[in-house]
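Here is a short report on a two-chain model. Keep the sequence and the 3D view open while you read.

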Amino acid sequence: MVPLGDVQGLILRSYGMDAATFFLLRVEKPAEARRSLGALPVTSGTLWDQKPPFCVNAALTFDGLKALGVASPSLETFPEEFVAGAIGRCAEVGDTGPCSTANWQYGLGEAGYLHAIVLLFAQTDAIRDAQVAVLRSCLLGDGGWAEIAALPGDVLPGEKAHFGYCDGFSQPTIDCGLQNPVPDKQPVAPTGEFLLGYPSQFDQLTYPVPSPDGLGRNGSFMVLRILEQDCAAFDHLIREAQTSHGIDGELLAAKMVGRWRNGVPLTVSPTTDSPQPPLSLAELNQYDYAPTAENPAAMNDRRGFLCPIGSHMRRANPRGAAIAGNSGSRHRIVRRGVPYGPPYDPAKPEDGIERGLLGLFIGVSIKDQYEFLMSEWINGDTFAPGIYGTTDPILGNSPTENKFVVPQENGAPIVISPFPRLVTTRGSAYTFLPSLTGLRYLADLK
Amino acid sequence: MGMVQSPLTLVMNIKSPEDFAQLNGLLQKVQGAPPDKNPIWVALTKLRTVHFARFVFLGNNTQLAVITTYDGSFEKYINDFIDEIGDVFNMLLMHMSDAPPLPVQKNRDAFLAYVKKNDLRCIEPFYSAYPEAPVVTILDALDQK
């Protein structure tokens, strides 16, 4: 049994809240910082009778653990990629060129600068604003922490992200006792794929729990990414699609992601975003790209005629498709996050306002989940056929100009080359999400 | 665009003549089975990262070589490789004098280190007639699922 009350709730459930603030913090006075960390009202994974007005979670970088006073023998038990951090691993995940650390904001490109992230999610702006004041008082009041930045995030009207897509349907179902509101037909993820201390998705492998057990067990790892989205470039691409590339703009938008912008998957509905009868919420995630043991009736779209093999969601989660490593369900991540910046106004394409996504990517192994996904699937071009020389149309960071291929059943594929850069990394951090017991361990350090 | 394929020339030292005899019997039996009953064949077919694979006894039957051409990074796909073919290596490695701790499923880092240490790769350069084509692309071109 997973002790839901000891696990940070963010790992196991999407809060579905409209407003957020992510505090980026540095330890100023270790004793005071430990005390205020212990006083945070951290939200666990306990079952809800009703959704609370707000949720709070806390994550530490390797340098943050060190600054709080975690001893070397314990620090040495954390995995090497977490120790290296997002800066040390930037080449691994494609944070190079325009995405390189030199262009990161808030000092995230400076080694050792960030120590902690405190995440506030709230049902309304008003609740968020009130809790921001409460958290500031708790964290900064006695000088324990210094605030590097407080990043606001807001779900956009219509529950959409920038670029206009509904998002967040596909999350792994974790064997932890909580329901997945939009279940898929992939194998249920073992607890140890997302929590330290349990058998993982790999045969006979339980990832080592960082020592001491009270600090490491029931924890997980989380990657923060600040991803700037170029809405003007996206808007231009879609508006010019018919003229420049001979494909309807909305269809191209769907082919790029794998879903129509309202969330309807191309694999289920390849020609319209409004199939009749309409799809239920659950049906938005009940598809695959090839027949599997869990979904034997799935159509085999091995050429990508329905959903391009290089589309964003087919790269990020290839499901049962025939890929290198036979591993479409062994490198999954939990995705949380919230848009930042105001909605894009097509009438003001050059408004000078930055907007994008504050993304959070969670798993028990940053190396085997997030980094594998980024290097092999998002930026990789050999794990599946027909994508050589390309990267993800949304998230990819091609070393040269990218291109995007839309396979056509009756004729030559549509190849858009060069394909514009749509997303640029503006910051990243590798963090540890301790259990509530782990947070108490940190608070009680002397 | 670089070459997507790499050579693996894994040379393992057999413990004793008795171990060679057992290994030889085991490999004859496994490799003599029809493809769908051969665990090596089945695993490599699922993995879709290995172009060719063969076993060869060397050094007057004191060594066993596993010679393959594979795609991508062996290290990155190590977990998937072990999950598909770990039991085959458990069978082979129990007859090797310098084997890592077994089972490989529970000793993944040690297995990876063992493979790196015992992989002779090749005298560079490694030739390929189609350096940009991974297994998945070739199967797709041949219209195989």
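Two residues are in contact if their C-beta atoms, placed from the backbone, lie within 7 Å. By that rule A:Gly85 touches A:Thr61, A:Phe62 and A:Tyr430, leaving aside residues up to four places away in sequence.

The model is predicted: local features need pLDDT of at least 70, side-chain atom pairs count only at pLDDT 80 or more, and totals for chains, interfaces and linings use all residues. Residues are numbered from 1 along each chain as its sequence is written, while chains are lettered from A and ligands numbered from 1 in the order in which they are written.

**Around A:Gly85**

A:Gly85 sits in helix α5 (residues 80–88) of chain A. Helices (H or I, at least four residues) and strands (E, at least two) are DSSP runs, numbered from the N terminus. A residue is buried if 20 or more other C-beta atoms lie within 10 Å of its own, exposed if 12 or fewer, and partly exposed in between. A:Gly85 has 21 C-beta neighbours inside 10 Å, so it counts as buried. From A:Gly85 to A:Tyr430 is 345 residues in sequence, but 5.2 Å in space, C-alpha to C-alpha.

Other buried residues of α5(A) include A:Phe82 and A:Ile87. Their cover includes α3 (62–68), α6 (90–93), β5 (220–229), α13 (366–378) and β10 (423–433) of chain A.

**Strand pairing**

Strand β1 (residues 19–27) of chain A has 8 of its 9 residues buried, so the rest of the structure largely encloses it. Two strands pair if DSSP finds at least two bridges between them. The table lists pairings from both chains.

| Strand pair | Sense | Bridges | A bridge pair |
|---|---|---|---|
| β1(A) and β3(A) (residues 116–122) | antiparallel | 7 bridges | A:Leu24 and A:Ile117 |
| β1(A) and β4(A) (residues 145–154) | antiparallel | 9 bridges | A:Leu24 and A:Ala149 |
| β2(B) and β3(B) (residues 63–71) | antiparallel | 8 bridges | B:Val56 and B:Ala65 |

**Chain B**

Chain B has 5 helices and 3 strands. From the N terminus they run β-α-α-β-β-α-α-α. The radius of gyration, taken over C-alpha atoms, is 15 Å, close to the 15 Å that the globule rule (2.2 Å times the number of residues to the power 0.38) gives for 145 residues, so chain B is as compact as a globular protein of that length. Its C-alpha atoms fill a box of roughly 45 × 35 × 30 Å along the principal axes. Buried residues make up 28% of the chain B residues.

The strands of chain B form an open sheet in the order β1-β3-β2, with antiparallel pairing. β1 (5–13) and β2 (50–58) of chain B are at the edges with a single partner strand each, so one side of each has no neighbour in the sheet.

How are two packed helices described? The angle between their axes and the distance between the axes are used. Axes are lines fitted to C-alpha atoms, for helices over the stretch in contact, and angles run from 0 to 180 degrees between N-to-C directions. Helix α3 (residues 78–93) and helix α4 (residues 108–118) of chain B pack at about 100°, with axes 11 Å apart. They are therefore roughly perpendicular (65 to 115 degrees; under 35 is roughly parallel, over 145 roughly antiparallel, the rest oblique). B:Ile78, B:Asn79 and B:Ile82 in α3(B) meet B:Arg108, B:Phe111 and B:Leu112 in α4(B).

**Between the chains**

How many residues does each chain bring to the contact? Chain A brings 23 residues and chain B 27 residues.
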